[in-house]
Amino acid sequence: MFHTVTGLHCPGCGTQRAFVALLHGDIPNAMHNNLLAVLLAPVLLYSLLLELQTAQKRTQKHLFYSVKFARIIILAVIVFTVVRNIPLYPFTLLAPL
């Protein structure tokens, strides 16, 4: 909807297609649909595993609940959004299919 209204690609454009491609083992297609989602997938998986482990042990959560980590993720999303909307050759490769 964001792309239809503005003509720009949001940071989430192509994420669903990227995850479907990952589930099918098609990594190049997944990377072309949304590179940020592919790069953050291992981080999300690790976060989920850590969450399940700490829920069983009833211990405190540390790694993903810091302000520094949140700032890094937000900065990465903003930079990715700006770069994928630059209409020049190497950056147009970041636009989803």
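The structure is a predicted model, in which local features need pLDDT of at least 70, side-chain atom pairs count only at pLDDT 80 or more, and totals for chains, interfaces and linings use all residues. Residues are numbered from 1 along each chain as its sequence is written, and side-chain values use heavy atoms, with hydrogens and water left out.

The protein chain contains six helices and zero strands, where helices (H or I, at least four residues) and strands (E, at least two) are DSSP runs numbered from the N terminus. Read along the sequence, the pattern is α-α-α-α-α-α. The radius of gyration is 16 Å, well over the 13 Å that the globule rule gives for 97 residues, so the protein chain is more spread out than a compact globule; the radius is taken over C-alpha atoms, and the rule is 2.2 Å times the number of residues to the power 0.38. Along its principal axes, the C-alpha trace spans about 50 × 30 × 25 Å. Buried residues (under 20% relative accessible area, with exposed meaning over 50% and partly exposed in between, for a 1.4 Å probe and protein chains only) account for 20% of the 97 residues.

Helix 4 (residues 35-57) and helix 5 (residues 67-84) pack at an angle of about 160°, and their axes lie 11 Å apart. Here the axes are lines fitted to C-alpha atoms, for helices over the stretch in contact, and angles run from 0 to 180 degrees between N-to-C directions. That makes helix 4 roughly antiparallel to helix 5, a label for angles over 145 degrees, while those under 35 count as roughly parallel, 65 to 115 as roughly perpendicular and the rest as oblique. On the helix 4 side, the contact (heavy atoms within 4.5 Å) is made by Leu35, Leu36, Leu40 and Val43, and on the helix 5 side by Phe69, Ile73, Val77 and Phe80. These residues divide into eight nonpolar, no polar and no charged.

Alanine 37 also lies in helix 4 and, at 9% relative accessibility, counts as buried. Leaving aside neighbours within four places in sequence, alanine 37 is in contact with Thr15 and Phe19. The C-alpha atoms of alanine 37 and threonine 15 are separated by 6.1 Å, although the two are 22 residues apart along the chain.

Histidine 9 sits in the loop between helix 1 (2-6) and helix 2 (15-23), yet this residue is buried, with a relative accessible area of 16%. Beyond neighbours within four places in sequence, the contacts of histidine 9 are Phe2, His3, Thr81, Arg84, Asn85, Ala95 and Pro96.

Methods: Nonpolar A, V, L, I, M, F, W, Y, C, P; charged D, E, K, R; others polar.
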